[in-house]
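Open the model in your viewer and keep the sequence panel beside it. We will go from one selection to the next and look at what surrounds each.

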Amino acid sequence: MEKQGSRALLAAVIGMGVLLAVGSLVLVGVLVHRISHPRDSATDAAAGAAPAVTRMLPAADVGRLVLDEPAGTRIVSLARQGDTLLAVALTGGGADRVILWDLVHNRIAGRMQVSP
């Protein structure tokens with residue numbers, strides 16, 4: 001009886017060792033793949049990484065929103081507060097800054113600049 005129990009234990013230990021080795025190889029493979037194929041942040045932003053604004057503007061023509069930011073400015077992230085406000089984080093073309101966009105009235109509600 002003892003031999004049968006120790007054989008089962010030995011089989012379980014060997015099986016877990018094989019699973020551990022295979023899992024480690026998969027992890028190393030994923031890391032090597034990610035290092036050798038870096039993702040381009042510009043491609044991620046163009047692919048729709050930013051959340052979509054689902055609120056429609058009124059039917060009246062309210063014009064276009066122009067940010068008037070310097071050349072080289074990039075959108076880093078977007079954060080939406082309910083259906084009324086969108087915070088747009090910008091970098092490049094000067095100090096980092098955040099623009100608060102009023103979605104209901106299609107206007108800039110405020111600007112915050114982060115000191116360098």
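Start by selecting Asp102, and leave aside its neighbours within four places in sequence: Asp102 is in contact with Thr84, Leu85, Arg107 and Ala109, where contact means heavy atoms within 4.5 Å. Asp102 lies in strand 3 (residues 97-102); helices (H or I, at least four residues) and strands (E, at least two) are DSSP runs, numbered from the N terminus. At 9% relative accessibility, Asp102 is buried, because buried means under 20% relative accessible area, with exposed over 50% and partly exposed in between (1.4 Å probe, protein chains only).

Now show the side chain of Asp102. A polar contact of 2.7 Å links it to the side chain of His105, and it also reaches the backbone nitrogen of Val104 at 3.2 Å. A polar contact is a pair of N or O atoms within 3.5 Å; within protein, one must be able to donate a hydrogen and the other to accept it, and residues adjacent in sequence count only if both atoms are side-chain atoms.

A word on what you are viewing: this is a predicted model, in which local features need pLDDT of at least 70, side-chain atom pairs count only at pLDDT 80 or more, and totals for chains, interfaces and linings use all residues. Residues are numbered from 1 along each chain as its sequence is written, and side-chain values use heavy atoms, with hydrogens and water left out.

Next, select Thr91 in strand 2 (residues 85-91). Is Thr91 buried or exposed? Its relative accessible area is 19%, so Thr91 counts as buried. The side chain of Thr91 makes a polar contact of 2.7 Å with the side chain of Asp96. Beyond four places in sequence, the residues in contact with Thr91 include Gly72, Thr73, Arg74 and Val76.

Move on to Gln113, in strand 4 (residues 107-113). Gln113 is exposed, at 61% relative accessibility. Not counting residues up to four places away in sequence, Gln113 touches Ala95, Asp96 and Arg97. Draw a distance from the C-alpha atom of Gln113 to that of Ala89, 24 residues apart along the chain, and you will get 9.8 Å.

Finally, colour by pLDDT, the predictor's confidence in each residue, from 0 to 100. The chain has a mean of 80, and 77% of its residues reach 70 or more. Confidence is highest in helix 1 (residues 2-36), at a mean of 93, and lowest in helix 2 (residues 41-46), at 52. Over residues 49-53 the pLDDT is below 50. Where pLDDT is low, the predicted coordinates should not be read in detail.
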